[in-house]
Amino acid sequence: MFGCEVGPMSIFSQALAGLARLSSFQHRFVFVKKLNANRLVRPLCAAIALGASLVSAGAQTAPPASLQQRLQAIFDMSAEDMAATSAFTKRAYEAQLAHIYRIQNKQIRDIVLEFVLNPKATAFEQAATQSWLASPGSGWRSHHSYPGGLSVHNLEWVEVALGWSDTWEKVYGVKLDRDLIVAGLILHDWGKLWFLFDDGSGKIREPDWYPKAWGTKANWKWMGGHGAVLYAELIARGIPTDLLFSAASAHFDPYWALEKDGEGMNPALREAAEIAKKPAPVVKPEERMAEWWLVTFTDEAWSFSTMVAARFAFELLEETAKDLGLKPDSREANKLAWFVLSRVGDFKIYEVYQKAGFHREAVKQFVRSVLDDPAPYEVPKR
Ligand SMILES: [Fe+2]
Ligand SMILES: [Fe+2]
């Protein structure tokens with residue numbers, strides 16, 4: 001009847017009753033929402049399992065594995081812990097490293113490994129304050145805005161760009177330099193390594209020393225900001241310009257926005273060269289490389305996951321947190337979002353929503369099932 005082998009209806013009713021009873025002993029995480037059985041027809045084995053666990057929770061005063069305890073454990077976790085114990089983000093991190101080790105050009109491979117494994121923003125005299133593994137893919141509530149998001153973001157683009165590169169080879173017989181594509185994409189958001197997980201607010205913020213982003217003419221506010229942190233470092237270390245231009249192509253389209261009223265790739269490189277106190281490398285319009293196109297049109301064109309799914313996931317995670325009695329945008333609600341997104345990602349949340357016929361309740365039940373039993377999404381910390 002519910003699409004899974006769960007036993008008689010009475011168990012389902014008891015599960016719902018258990019959810020309602022839970023409000024009698026929860027202090028901070030109270031389920032006060034009136035449950036509507038008709039809206040729970042879709043939810044799935046996971047919802048039944050959660051309800052059943054709460055039946056037993058309702059029968060005890062302090063269940064050892066209660067949702068409340070699990071939530072408290074989540075609030076106590078650091079971003080580093082979340083990324084290090086998530087199968088999803090660990091897999092992305094390791095797959096990304098495997099792509100780096102497959103770079104044929106030793107000079108480029110060593111540069112990327114040094115930037116990823118031993119990161120230092122020497123142009124700003126800043127050591128890394130978190131691991132590459134834990135780093136987020138963006139600021140708060142944007143794309144890949146969770147522990148491990150940077151690796152997921154990079155891996156998606158590398159896989160898409162290499163697939164595109166294969167397509168060009170099949171169609172045109174053109175063989176691109178895959179090293180430049182992989183290295184450019186993995187480095188393109190290197191500056192986000194310093195985006196901080198603020199444990200006090202549960203938000204992600206830029207550090208105080210970070211150059212402010214500005215501009216609107218060549219693109220969104222992508223002068224300065226995390227791009228400048230990377231370009232200044234590449235220029236300060238005298239990294240080959242082909243790689244610098246490849247990485248910078250993520251934020252500036254070198255075909256149509258090389259220079260727009262003082263903004264664009266060449267002005268951004270001039271700005272970074274000033275920080276690095278070195279001469280500015282210049283992209284010549286007549287010497288643009290095909291490899292850069294793939295960097296531009298993966299990162300700059302965004303993806304479904306990047307904004308549509310991400311925005312939806314944050315909205316639904318906030319609703320779920322509210323249902324659990326957590327204040328919207330509180331530290332606890334935000335850390336709950338870090339945790340769930342680090343386990344399943346935003347696109348998976350959207351997939352559940354779409355496949356359930358665009359029912360928000362199904363997503364909430366899915367999120368609760370992750371909270372109730374995150375073990376299938378986790379790996380031991382090493
Ligand atoms: Fe970026
Ligand atoms: Fe990016």
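**Group meeting: a walk through one predicted model**

I start with Met82, which sits in helix H4, residues 79-85. Helices here are DSSP runs of H or I with at least four residues, strands are runs of E with at least two, and both are numbered from the N terminus. This is a predicted model, in which local features need pLDDT of at least 70 and side-chain atom pairs count only at pLDDT 80 or more, while totals for chains, interfaces and linings use all residues. Residues are numbered from 1 along each chain as its sequence is written, and chains are lettered from A and ligands numbered from 1 in the order in which they are written.

Is Met82 buried or exposed? Met82 is buried, because 24 other C-beta atoms lie within 10 Å. The cut-offs are these: a residue is buried with 20 or more other C-beta atoms within 10 Å of its own, exposed with 12 or fewer, and partly exposed in between, the C-beta atoms being placed from the backbone. Leaving aside neighbours within four places in sequence, Met82 is in contact with Met77, Pro147, Trp338, Phe339 and Ser342. Contact means that the C-beta atoms of two residues, placed from the backbone, lie within 7 Å. The C-alpha atoms of Met82 and Arg343 are 8.2 Å apart, although 261 residues separate the two along the chain.

The C-alpha atoms of Gly148 and Met82 are separated by 8.1 Å, with the two residues 66 apart along the chain. Gly148 is in the loop between S2 and H7, and counts as buried because 33 other C-beta atoms are within 10 Å. Outside four places in sequence, the contacts of Gly148 are Ala83, Ser86, Thr89, Ala92, Tyr93, Leu133, Ala134 and Ser342.

Now the whole protein. There are 15 helices and 4 strands. Of the 382 residues, 45% are buried. Taking contacts between residues at least 6 apart in sequence, 71% join residues at least 24 apart.

Next, the core. A nonpolar core is a set of buried Ala, Val, Leu, Ile, Met, Phe, Trp, Tyr and Cys residues joined through C-beta atoms within 7 Å. The largest one has 92 residues, and Val112, Tyr231 and Ala248 touch the most other members. Helix H14, residues 331-355, gives the most to this core, with 11 residues. Where does this core lie? It lies between domain 1 (9-79 + 304-377) and domain 2 (102-138 + 151-194 + 207-300), because both give residues to it. The domain bounds come from an automatic or database domain assignment.

Tyr231 takes us to helix H9, where it is one of the buried residues. H9 covers residues 225-236, has 12 residues and reaches 17 Å from its first C-alpha to its last, close to the 16 Å expected. The expected span is 1.5 Å times one less than the number of residues. H9 is mostly covered, with 11 of its 12 residues buried. Which elements cover them? They include strand S1 (120-121), helix H8 (178-187), helix H10 (241-248) and helix H11 (265-276). After H9 comes Gly238, with a positive phi near 65°.

Ala248 links these pieces. Leaving aside neighbours within four places in sequence, Ala248 is in contact with Gly227, Tyr231, Met265, Ala268 and Leu269. The buried residues of H11 pack against H9 and H10, and among them are Met265, Ala268 and Leu269. H11 has 12 residues and spans 16 Å between its end C-alpha atoms, close to the 16 Å expected.

Two backbone details follow. Most residues other than glycine have a negative phi. Lys277, which follows H11, has a positive phi near 55°. Lys277 lies in the loop between H11 and helix H12 (290-300), and counts as exposed because there are 10 C-beta neighbours inside 10 Å. Arg141 also has a positive phi, near 65°. Arg141 is in the loop between strand S2 (126-127) and helix H7 (149-172), and its 18 C-beta neighbours inside 10 Å are why it counts as partly exposed.

Last, confidence. The predictor's confidence in each residue is pLDDT, from 0 to 100. The mean pLDDT of the protein is 86, and 83% of the residues reach 70 or more. Over residues 1-64 the pLDDT is below 50, and beyond near neighbours in sequence this stretch has 74 contacts in the model. Where pLDDT is low, the predicted coordinates should not be read in detail.
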